[in-house]
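I opened the model today and kept notes as I went. The entries run from the whole chain down to single residues.

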Amino acid sequence: MSNNNEPTIAQDPWLSLKQFTPARIALGRAGISLPTRACLDFQLAHALARDAVNIPLDFAGLEQRLKKEGHQTLTLQTQAENQTVYLQRPDLGRLLSASAAACLRRNAHLPVDAVVVVADGLSSTAIEHHAEPFLRLLLPELQQRGYRLPPVCLIKHGRVAIGDAVAEHYSARLCMVLIGERPGLSSPDSMGIYFTYQARSGISTDADRNCISNIHNNGLSYQQALKKLLFLVNEAEKLQLSGVNLKDETTDATANVQQKQANFLLD
């Protein structure tokens with residue numbers, strides 16, 4: 001007969017470390033299985049990740065909200081006409097549809113300095129949650145620096161490289177793509193920013209881009225992401241390049257300060 005005073009869930013010795021990470025550690029054990037709460041939490045996280053991929057982004061709502069902020073927008077479509085094709089054919093998500101290319105040609109072709117592209121990517125939830133508040137910080141900063149900007153391009157079923165075609169159309173030096181990142185079980189709404197100097201369609205590669213990732217409530221803040229992006233913009237303008245040859249030294253500086261504070265025995 002079991003003793004009612006014994007705990008039904010065996011605690012994990014790593015329980016004290018759980019406060020430092022969202023990773024699934026120290027879940028405990030009920031017999032030979034996971035506790036019910038841990039199982040339900042996993043199922044919920046999996047459902048949220050699936051929804052982030054499959055639920056379409058409300059582009060009309062995003063466009064309306066950005067216009068209320070005083071920002072012009074242009075909604076475009078890639079050659080991936082639906083979500084199924086988008087997931088199975090990544091190449092089509094890198095190409096503008098014929099109607100989108102025609103829309104760009106009809107749009108005033110004035111030389112600009114930078115383009116800002118927002119694509120749903122693999123997490124519509126990320127863009128729904130984070131694109132607007134981040135643009136609220138980014139766009140005024142770019143305008144204050146005197147950068148000439150076209151309308152913000154909102155692209156359905158877009159991959160990272162879709163920004164190259166937009167930058168090439170406007171002859172822009174700087175290309176910034178906000179996109180929903182592949183959802184994880186602890187971060188279904190993570191947004192990434194891809195920055196490219198002199199982006200050109202069919203020429204620029206992933207090696208030419210800088211990535212700022214994990215922008216969400218439990219990850220990188222909007223202010224931290226903006227600081228990193230503006231650092232890359234400044235350095236790219238000086239060096240006239242981006243990608244693997246352009247290093248984000250803001251992280252290194254922060255790490256060095258933290259490391260110096262941690263190594264108190266060396267003082």
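Accessible areas here come from the Shrake-Rupley method with a 1.4 Å probe, and for residues only the protein chains shown count as cover. On that basis I get an accessible surface of about 15000 Å² for the protein, with 52% of this belonging to carbon and sulfur atoms.

Ground rules next. This is a predicted model: local features need pLDDT of at least 70, side-chain atom pairs count only at pLDDT 80 or more, and totals for chains, interfaces and linings use all residues. Residues are numbered from 1 along each chain as its sequence is written, and side-chain values use heavy atoms, with hydrogens and water left out.

**Overall**

I looked up burial (buried is under 20% relative accessible area, exposed over 50%, partly exposed in between; 1.4 Å probe, protein chains only). Of the 267 residues, 44% count as buried. I then took contacts (heavy atoms within 4.5 Å). Among those between residues at least 6 apart in sequence, 67% join residues at least 24 apart.

Helices (H or I, at least four residues) and strands (E, at least two) are DSSP runs, numbered from the N terminus. I find eight helices and six strands. Along the sequence they read α-α-β-α-α-β-α-β-α-β-β-β-α-α.

**Sheet**

Strands pair if DSSP finds at least two bridges between them. The six strands form an open, mixed sheet in the order 1-3-2-4-5-6. Its edges are strand 1 (73-77) and strand 6 (209-215), each pairing on one side only. Strand 4 (residues 174-180) and strand 5 (residues 191-197) run antiparallel, joined by seven bridges. I checked one of the partners: Met-176 bridges to Phe-195 in strand 5.

**Helix 1**

I compared its length with expectation (1.5 Å times one less than the number of residues). The 19 residues of helix 1 (residues 36-54) should span 27 Å, and the end C-alpha atoms are 27 Å apart, which agrees.

Which residues of helix 1 are buried? They are Ala-38, Ala-45, Ala-49, Ala-52 and Val-53. The face turned away carries the exposed residues Thr-36, Arg-37, Gln-43 and Leu-44.

**Glu-141**

I find Glu-141 in helix 5. Glu-141 is partly exposed, at 24% relative accessible area. Its C-alpha atom lies 9.3 Å from that of Leu-226, 85 residues apart along the chain.
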